[in-house]
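Let us walk through this structure step by step. Keep the sequence and the model side by side as you read.

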Amino acid sequence: MELLQLRYFCDAAQTQNFSKTAKKYLVPTSNISQSIKRLEKELGCELFEHRANRIILNDDGKRFFSNVVQALNILDSAKDDIVGNADDIRGEIKLICGCNRKNVTEAIEIFKHQHPQVNLTIYHTIDADKNFDILISDICPYEYGNRTLIIDEEICLAMHKSNPLAEKEISSVNQLEHERFITMSGESSIHKIMLKACADAGFTPNIAIQTDDPFYLRKYIELGLGIAFVPARSWQGLFSDKIVLKSVNNIRRKSFAYVPKTKSTKRSVEAFLNILIDVTKDMR
């Protein structure tokens, strides 16, 4: 039983696809399948069920996966701790920043000054195939071991200052029925918050523009192309003086830092989370 063989197995268990694992490790797909077959032969049992274009763990595979993940995490932690100096943290952090980019970027800047030996890989889209150490998001499609509250904030309505609504008190979402909306992509919580607020008010929103980039969402509001639900605290300082924010129905959003269930918390991860918590301490 080889270490790389076990890493192949764990990655294949998560991606449910030998080809994706092969692409990650830059080897032919046959290398992965043959490695798994040798592992199954050594264990005396099959680990996967083969279904159409994907593979899934069977009961034996699930039990083996749980134990192997723990073993690999211990080995990875041992590697990070080899220096033995608590102030000299090394290793790598893979981070998915699904929201609160401004605050996370501030935490990254501080962290890198304090721990320059830690390498960071940062993603901005939530992808089930990604292997990560921390997910910053208000939604979590993964099984997680623990989570830490980062921000609890109001979701406000943003509009160009020339919009007639800018001079009015908005007491109900019903007042927005005939407005054009700008929103984030369909899987984002901002989009879901907008849909729910409008549905509760009894109408379907007229979505004029949908984007996956928060910068352009703010830009489109600034151009007067529609209104949008936006996070007030985590986007603070990012709005131009052409944009007016209005409270409506006390809509709120909570964002968390999630650590995957299949990961042990490394010293580098703990250090980053402590900095992020400090950066956002006034937003909870």
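In which strand is Lys 246 found? Lys 246 belongs to strand β10, which covers residues 243-246. Keep in mind that this is a predicted model.

Stay with this lysine for a moment. Lys 246 is buried, yet it has no salt bridge. The nearest side chain of opposite charge is that of Glu 167, and it lies 6.9 Å away. A salt bridge would need a side-chain nitrogen within 4 Å of a carboxyl oxygen. Now look at the wider surroundings. Leaving aside neighbours within four places in sequence, Lys 246 is in contact with Cys 156, Leu 157, Met 159, Leu 165, Ala 166, Glu 167, Lys 168 and Ile 170.

Step back to the whole chain. The protein chain has eight helices and eleven strands. Its C-alpha trace spans about 70 × 50 × 25 Å along the principal axes. Of the 284 residues, 45% are buried. Take the contacts between residues at least 6 apart in sequence: 74% of them join residues at least 24 apart.

Turn next to the aromatic rings. A pair of aromatic rings is described by the distance of the centres and the angle of the planes. How many aromatic pairs does a search of the whole structure find? The search finds twelve. One of them joins Phe 181 and Phe 229: the ring centres are 6.3 Å apart and the planes meet at 15 degrees, so the pair is stacked. This pair links distant parts of the chain. Phe 181 sits in strand β7 (residues 180-184) and Phe 229 in strand β9 (residues 228-231), 48 residues apart. Both Phe 181 and Phe 229 are buried.

Phe 215 and Tyr 216 form another aromatic pair, and this one is edge-to-face. Their centres are 5.0 Å apart, with 90 degrees between the planes. Phe 215 has a relative accessible area of 47%, so it counts as partly exposed. Tyr 216 has a relative accessible area of 39%, so it too is partly exposed.

Aromatic rings also gather in a group. Phe 9, Phe 18, Phe 48, Phe 64 and Phe 65 form one aromatic cluster. Other rings have an arginine over the face. Arg 147 lies over the face of Phe 256, at 4.0 Å from the ring centre. Arg 218 lies over the face of Trp 235, at 4.8 Å from the ring centre.

Finish with the backbone. Leu 26 is not a glycine, yet it has a positive phi of about 60 degrees. Where is Leu 26 found? It is in the loop between α2 (18-25) and α3 (29-43). Is Leu 26 buried or exposed? Its relative accessibility is 77%, so it counts as exposed.

Asn 100 also has a positive phi, near 55 degrees, and is a residue other than glycine. Asn 100 has its place in the loop between β3 (91-97) and α5 (101-114). With a relative accessible area of 3%, Asn 100 is buried.

How values were computed. Residues numbered from 1 in each chain as written. Predicted model: local features only at pLDDT ≥ 70, side-chain atom pairs only at ≥ 80, totals over all residues. Heavy atoms only, no water. Helix = DSSP H or I, 4+ residues; strand = E, 2+ residues; numbered from the N terminus. Buried < 20%, exposed > 50% of the residue type's maximum accessible area, 1.4 Å probe, protein only. Lys, Arg positive; Asp, Glu negative; His and termini not counted. Contact = heavy atoms within 4.5 Å. Phe/Tyr/Trp six-rings, centres within 6.5 Å; stacked < 30°, edge-to-face > 60°. Lys NZ or Arg CZ within 6 Å of the ring centre and 35° of its normal.
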